[in-house]
Every structure is written in structure tokens, then in C-alpha cells.
Amino acid sequence: MKIESITLHIISMPLKKPFVTHLQTVKDREGIIVEVRDSDGMCGLGEGVAFSTPWYTEETVKTSFHMLKDVLIPLMNSKPFHHPEEIGKRFEAVRGNAMAKAALEMALWDLYARQQGEPLWNMIGGTRKEILAGAVVGSGTLKEMVEQTEDLVEEGYQRIKLKISPGADRDIVKELRTHFPALSLLADANSSYKLEDKLQLQALDEFDLEMIEQPLGVDDLIEHSLLQKEITTPICLDESIVTPHDMKSAIHLNSCGVVNIKLGRVGGYTSALEIYRLCRENGIKVWCGGMIEFGVSRAHNLALSTLEGFSIPGDISSSSKYWEEDIITSPIVVRNGVVERMKGSGIGVELNRIRLSAVTQYKESFPSHKKHS
């Protein structure tokens, strides 16, 4: 691949409504937009999805920028490569920093697909014409959560995720299940429970939840395995699955029945596709989670979700759910609970340069000193 330059944009946009969990309240979303441009002027897009503070993982916007500028871009430029998978493998020499790795690797996959004149979804083997869409209801009063859910159901979302934590769980789930007896519901605990809290989690079994996401520690597999034996609701792992090796370990331990695959969390497509393959071979369900993304990452999520195994609605809501105006020219729109896969080459979206410029806090470009072919 002939890379001419890489440009990093640190951007910030206010959310239409604060996103509230027991861990953090997000009012303004920072992120990094990555542009990789080739010698013909074609541009591939990626997005760094770390938050401003390390509440979801240890990464932040600032640490991701440092890793991209000082480690990953130089490593990419260190020797020739012909396919983005080679960069995914090359980045394995760097420990951690999955979100920074993913931001650059995603842009390379997008550029490679555009160079081939193919949609990215086709290049990775996607077959779904429509992607099933779910949405997240943030923490709040029971009345507020019911109202949020009503609005989302009216918009056509087929699955709703509720944020729970110790002491704010059974009453929430019971209230939502009472109001929406047939709706697909899942509960996301963001690692707020301990194994000793199993009775609280067992109390949720009666409400026919599709899954409980990441109830225990962010780096735990063993206690999730023990918990899964004690509850009938399938456990979905999120933060615990960062690498294919994590996935293999979870399979051997029977730690989960479902995995939430996020490109940013697992380091990009190379790792995500391997985790997906392992899940398919071992009967574990998968779906695509969200990170309160801008349009670039949302478009990548759509590409990933065209893979046949993504049969559970993902966190792929309309751009308008979070933003007054997104940074892409054609915002993502959910209609009747689905999003059509993108047309055109690559991820199928282009940057709204005027909007991008308006929300950019800092921008820096890096030439590729070695024009590899």
C-alpha cells in the first residue's frame, strides 16, 4: 500500500443528552479521527474511540494520540506492507493500546477497500443486507428510563440495553419488562458486581433477559465461568475480551454464551475477525457494541455487522440519537429497526469537512517518509 500521509484530528462534540452510567457521565465526547491518504489522493478513515478519562479502559484520547504519533505510525512506516492485516499483526509487538491500534488499522482497511473499489463489508465476507439495530437507555429514574425506551421502540429499535448496578437492577428490569413484555432486553453491568452478589444477579433470571453484559471484573474470565453456572441468563463478555487469546480462554472456561465485539476494544479488524471466527466455531453468539461514536466508527460497525453471525441487534443507533450534526456527509439512519448496509467503496461515508473543522480541537499530519508499494 502506498501511503502518502496520516492526519489525526482530535475532535469534541456535545451530546444532545448526557450519557449516564454508574461509572461516568459523558456530556462532551472527545475522539480522534484518522485519515490515511495514498499517493493518488484517496483517503481511508478510522476513529479512535477512547474516552477523555480512563473509565471504560485504561486508554484515553491523550494516550491514544501519543501512541499513534510516537509508536504506531512509525511502526507502520518501518517496512513495506501490502494488506492491512499485516499491520494488525505488526502491532502485536506493542502491548495494549487496542483503541489506538484500531483507529489506524481501521483507516487502512477503509483505504485498502477503496483502492480495490469494493465495499469494506464485501471484503471481510459480509452478507447481511440489513443490520439489526439496538440502542442503550442510560441511567435515570424509572419514569425517565421507561420514557426513553418508549421513544426508542417508536423509532423501531429491536433491542434495548439497560445500564444496571448493585441496588439499581431488579426494580429497573422489572419495570421495563412490565411495560414491554415482548421486547428484547439486555442488562449491562459494566463490571459493577462481585461474585458474592450472585443472588442479585440470579434475581434477574425471571425477566427473560437476552443476556447480562460484563457483570464482573473487567479482566476476569474465571469468576464469570463460576457465575454462569449459577444463573440461567447468558453472560455476555465485553471488556474481558481484548485479544483472540482471551476468547480462547473464555471458550475453554465456559465463561460466556455471548460476546460483544467492538473494533476499538479488540484492536481493529484483524483481531475482531479472529474473535468472530472462534465464536462461530464454538457456538457463541456475537453482536456489535457501541462507544458513543461519531459517524466514522459507526460506519465501520455497520461493515462488521454485515457478517452472518451478527444476528443480535447491535448498538448501531442513528447519528441523530447523539449529535445535532455528525461529522459525515450522510448520517447513519435507523428505519424500522434496521440500517441498510453502506453503498460505495470502503466504509461508504465521507467526512463533512465543514463540520469536522468546526469541532476539531487539534490537528496534526505526518508524512509517510517511505512510499511503500
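Predicted model: local features only at pLDDT ≥ 70, side-chain atom pairs only at ≥ 80, totals over all residues.
View A. With a relative accessibility of 41%, Leu226 counts as partly exposed. Together with Ile222 and Leu253, Leu226 makes up a nonpolar patch on the surface, and the accessible area of the three residues together is about 260 Å².

**View B. The largest nonpolar core and the surroundings of Tyr269.** The largest nonpolar core has 97 residues, and those that touch the most other members are Ile160, Leu162, Met247, Ile261, Tyr269, Leu304 and Ile327. Helix H11 (residues 269–281) supplies the largest share of this core, namely seven residues. When residues up to four places away in sequence are not counted, Tyr269 touches Glu105, Met106, Trp109, Leu120, Ile124, Leu263, His300 and Ala303. Another core, of 27 residues, lies apart from the largest one, and its members include Met1, Leu72, Met76 and Phe366. In soluble globular proteins, nonpolar side chains tend to be buried together.

**View C. The hairpin of strands E2 and E3.** Strand E2 (residues 25–38) pairs with strand E3 (residues 43–48) in the antiparallel sense, over six bridges. One of the bridge partners to look for is Leu45 in E3, which is paired with Glu35. Four residues lie between the strands of this hairpin, where Gly41 takes a positive phi near 90 degrees.

**View D. The open sheet of seven strands.** The strands of this open sheet follow the order E5-E6-E7-E8-E9-E10-E11, with parallel pairing. Strand E5 (134–137) and strand E11 (285–288) stand at the edges, and each has a single partner strand, so that one side of each is left without a neighbour in the sheet. Within the sheet, strand E9 (residues 235–237) and strand E10 (residues 258–261) run parallel and are joined by two bridges, and Cys236 stands opposite Val258 in E10.

View E. Most residues other than glycine have a negative phi. Asn190, although not a glycine, has a positive phi of about 45 degrees, and its place is in the loop that runs between strand E7 (184–188) and helix H7 (198–202). The relative accessible area of Asn190 is 5%, and this residue is therefore buried. Ser191 also has a positive phi, near 65 degrees, and is placed in the loop between E7 and H7. Ser191 has a relative accessible area of 19% and counts as buried, because the cut-off for this class is under 20%.

Conventions. Residues numbered from 1 in each chain as written. Heavy atoms only, no water. Patch = residues over 30% accessible without salt bridge, like charges linked within 9 Å, V, L, I, M, F, W, Y side chains within 5 Å. Areas by Shrake-Rupley, 256 points an atom, 1.4 Å probe, with all protein chains shown as cover. Salt bridge = Lys/Arg side-chain N within 4 Å of Asp/Glu carboxyl O. Buried < 20%, exposed > 50% of the residue type's maximum accessible area, 1.4 Å probe, protein only. Core = buried A, V, L, I, M, F, W, Y, C linked by side-chain atoms within 4.5 Å. Contact = heavy atoms within 4.5 Å. Pairing = 2+ DSSP bridges.
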